[in-house]
Structures are given as C-alpha cells and as structure tokens.
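Colleague: Could you walk me through this model, one step at a time? I am new to reading structures.

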Amino acid sequence: SIAIACAPAALIDLLSDAGSWSRWATHTVKSAKPKGNGEWDLETPRGLARLSIKADKTTGVFDHVLHD
C-alpha cells in the first residue's frame, strides 16, 4: 500500500485515464489509445498490450488487468 496526498476522486480520474500512464508509469507504458468501455491499446517496452480498467468513484475502488 501507498499513500497519495490528493482527493480520492482526482486519483481515480488519473488512474482511469490510461492516456496519462506514459507520464507516470514510464517503465511500463510508452503510449495508450482508447478503445472504449474502459479498454485501451498500449505500447509497452515488450510490445503491444491491452489494458482493461474498472473504477468506481463512489467506493474509491480501482482495478485493472494488463493483457500482454
């Protein structure tokens, strides 16, 4: 676990936007293109991958699955 000093809703917004991942997940994501419905195509150092994101601002729950 880690602590992040920001509003929970702001963090959910950041994490849910895989387009921002190349700015902070620099060892994992080179670029991201939205597919819709929480699905993203990613360019990673290992090649192409698909990312599925599920997030709920009400509960503060964020989950993702990386298919590489």
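This is a predicted model: local features need pLDDT of at least 70, side-chain atom pairs count only at pLDDT 80 or more; totals for chains, interfaces and linings use all residues.

Colleague: Which element gives the largest share of the largest nonpolar core?

Modeller: The core has nine residues: A18, W21, A25, V29, W40, L42, A49, L51 and I53. Two elements, β2 (39–44) and β3 (47–56), each give two or more residues to this core. The largest share, three residues, comes from β3.

Colleague: Which residues does L51 touch, leaving aside its neighbours within four places in sequence?

Modeller: L51 is itself one of the core residues. In general, nonpolar side chains in soluble globular proteins tend to be buried together. Beyond those sequence neighbours, L51 is in contact with A18, W21, G38, E39, W40, L42, H64, V65 and L66.

Colleague: Is K35 buried or exposed?

Modeller: K35 pairs with D41 in a salt bridge, at 3.7 Å from N to O. Its relative accessibility is 55%, and the cut-off for exposed is over 50%. That is why K35 counts as exposed.

Colleague: What does R50 form with E39?

Modeller: R50 lies in strand β3 and E39 in strand β2, 11 residues apart. Their side chains meet at 3.3 Å, N to O, in a salt bridge.

Definitions and conventions: Residues are numbered from 1 along each chain as its sequence is written. Side-chain values use heavy atoms; hydrogens and water are left out. A nonpolar core is a set of buried Ala, Val, Leu, Ile, Met, Phe, Trp, Tyr and Cys residues joined through side-chain atoms within 4.5 Å. Buried means under 20% relative accessible area, exposed over 50%, partly exposed in between (1.4 Å probe, protein chains only). Helices (H or I, at least four residues) and strands (E, at least two) are DSSP runs, numbered from the N terminus. Contact means heavy atoms within 4.5 Å. A salt bridge is a side-chain nitrogen of Lys or Arg within 4 Å of a carboxyl oxygen of Asp or Glu.
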